[in-house]
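Have the sequence and the 3D view open, and we'll go one piece at a time.

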Amino acid sequence: MNDARGQASVELLAGVPALLLAAFVALQLLAVGYSLTLADGAAEAGALAVAAGEPARPAVRAALPGWTDGRVAVERHGGQVSVVVRPPSPLRALSERLAVDSSVWVKEPAAEP
Amino acid sequence: MSPIGAARRTAAALHGFLFESESTLEDAGGPPRESHAADAEPVNGTAAPPVILASAIGGSGGAASLAAAIGVAATAGAGGGAALLVDVAGGQRRGPTVLASEAARELEDRVRGIGGVFEAAAARGNLCHLSLPDAEDPLEPVAALLAHELPASAVIVHMSQELWPRAIVEKRLSAAAGVLRAELPGDRALAALAVGELRDRGLRAKIVSDPLGRVASRRALAGLEPGGAASRRAARLARALLADHSGQGLPLVLGAAAALIFAALILAAIGGAITGTARAQRAADVAALSGARSMRDDFDRLFAPAFLPNGSRNPAHLSKAEYLARARAAVRHAARMNEVPAGRLLVRFPDADSFAPLRVRAKVRAEVDREALPGPDRARGGRRVGIQVVASAEAEASPPASWSGMPTMATGGGYSGPLVYRQGEGMRPDVAAAFDRMAAAARRDGISLLITSGFRSDAEQAELFEQNPDPTWVAPPGKSLHRCATELDLGPPSAYGWLARNAGRFGFLKRYSWEPWHFGYTRGPPPCSEAGNSIGAGGGERGSSGGVPSFVPARYREPIMRSAARWNVSAALLAAQILAESNFDPNAVSPAGAQGIAQFMPGTAASYGLKDPFDPEQAIDAQAHMMSDLLRQFRSIPLALAAYNAGPGAVAACDCVPPYPETKAYVARILGLLDGAGALVAPELEVRLVE
């Protein structure tokens, strides 16, 4: 093929995977950032509930959008509320490796005498 | 190295860069060219100059000068060098000129060095002109010439239209483009056909309808820029014919990919900075909340008597300084646990001047790393300067907003004292306190007690009886002990066994053998008794004496009890109010102008006939009178207290404790005092962020 335009087309086609890869990396980066923001907000919601003497888990769930169902782990140790969110990803293994966590500590209610 | 030589090498390097892909095409489809490394140093070891075919259609002329102008423009576009113009159209042989560039002469030497018909090469300006004689196959010597490495920016082959069809398919020429001089619109059909053929073969094509002028033609054929508009036209043509398309697709794609990732990184960096700021705010929020939580947990201890009846220090008591120190420690601990160093935290108590502060403010100074942000660095003295972020939050412990709406004075039954609520059911304060203890014990045994019914007025009982008029199960109105606020119906059924075994420990008695849920409180005053009615007016268990809490100075006990009896208001309530208002200082004057022990504003004092607000006995009596009115109006101790502090209008407007920090804190403090004095079981305070 000695058509330069054809050459450009071939290169464009060859570059499409690179473009798709870049788009994937960019979207994955954004998904991780968004998940971290969500985890932060949810952990704080859980901490507010703990400070008010209420359970943390429902407050955390209420602070997260529906798509996080099955992608969230909530743990509470005393006043520490930890939220782990797995960002959306077409690759489950990658999603697990990119999981973000956020922890907040708040004074829990004193034990009743 | 001479400047010209350097310029030539630079131009050659640039040429190589610009036309790199053409060699790729050659490698892909054309025959390998003969190397003449021994004859001359190649300008670019692998690059071959692009070949442009030029001709004229029909009877038009001027193709030779057009080809020359394009050649000259190609040398300018390549940053120097010389172009080779080969004329196989039988044109006149042209001699060299004195204005020939060094590059053109070098090219001339190279071509002449091949020998034979190529010795006719002549350097003219930026061109090397070669006119080939007629031959059986005129394209043969051209192909032979192109097989050599030529230090040319471009090779333009001018031919007759008869040779054109063969030239465009001649693989040895490896033409990149074709330019045709045509008279339009007359030659439109022919031109369209020629362009179609060129494009079918992957060659760029240009049709030129306007010939160069006489002077421009002469200058072009002399290897000089034609000048003016002709130069610009030639440059445009050369760019169009020699434009390097190959190698552009990949940079475009890679550039887009890099831009995508760069944009995502910038967004991530901005997101990181926002997250950093949000985390500072979050740290301030939870630090303030932790402080408020500490206050809420310690609030009762603030009002516990400092000394036990045996004269020893009461370990449950906290002084205000200790109370604030504990809250401050809670704020600092929360900040540290959320990765805020102590040096970056400021703790303040906005209502620290009051005797029972309930508000705490935490201020966090954080720093967002500038490295995480896009844009230029701002380094000072070699140190990276972060972005300072200040986040502050204020939290408070206050009565639940929903709580004040419930009537806190029972009416319409056998009991007419204060009501407190557990699980939405009203009961006598001492009953509530006993229930709290019993519920806590049940929780420790894994049982959650439910209250299904508490105080019922006669009207409520009548309604119940009407639904189920069987005296065995529902007592007639006026007969039920529920009207005394001492009876509780408890559940769930799974707790009946536990209740039967343990309720007695907390003063509760199962009233009827057939009602395992019905328990009455027997440890306090009898149901529906006068003593029961006054339980909230000072009949508590802790720190009270004669209905007046122990914190009341001796000289005010008698006036308080007298006024309480006269206006039928809780003596403990009046005492707690005075403590909150003036700390029993008869000469107190507030910044707002409130005067005396009960802090009457002059207008209010006049409306209650209080002539001297600084006379404690008069002031206490007016206070009791006013509280009696407010309790009758609002039927709620918190609302009456709020009305005393903020005015009845503000309370009536919302039927709530108005959202003024001072009023909310005032109500909370007095409820806390009543609770601490055992006069009233106050509702649990809520911990929440204020801002």
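Walk along chain A from the N terminus and the elements come as α-α-β-β-α-β.

A word on what you're looking at: this is a predicted model, where local features need pLDDT of at least 70 and side-chain atom pairs count only at pLDDT 80 or more, while totals for chains, interfaces and linings use all residues. Residues are numbered from 1 along each chain as its sequence is written, and chains are lettered from A and ligands numbered from 1 in the order in which they are written.

Now find the strands of chain A. They form an open sheet of three strands in the order 1-2-3, with antiparallel pairing (two strands pair if DSSP finds at least two bridges between them). Strand 1 (72-77) and strand 3 (100-105) of chain A are the edge strands, each pairing on one side only. As a general point, strands of a sheet pair through backbone hydrogen bonds, either parallel or antiparallel. Between strand 2 (residues 80-85) and strand 3 of chain A, which run antiparallel, there are six bridges.

A:Pro109 counts as partly exposed because it has 16 C-beta neighbours inside 10 Å. Leaving aside residues up to four places away in sequence, A:Pro109 touches A:Gly53, B:Arg293 and B:Asp297 (contact means C-beta atoms, placed from the backbone, within 7 Å). A:Pro109 also sits 9.4 Å from A:Glu54, C-alpha to C-alpha, though the two are 55 residues apart in sequence.

For chain A as a whole, 35% of its 113 residues count as buried.

Finally, hop over to chain B and look for helix 4 (residues 102-114). Its buried residues include B:Ala103, B:Leu107 and B:Val111. Just after helix 4 of chain B, B:Gly115 takes a positive phi of about 85°.

Definitions and conventions
Helices (H or I, at least four residues) and strands (E, at least two) are DSSP runs, numbered from the N terminus. A residue is buried if 20 or more other C-beta atoms lie within 10 Å of its own, exposed if 12 or fewer, and partly exposed in between; C-beta atoms are placed from the backbone. Two residues are in contact if their C-beta atoms, placed from the backbone, lie within 7 Å. The expected span of a helix is 1.5 Å times one less than its number of residues.
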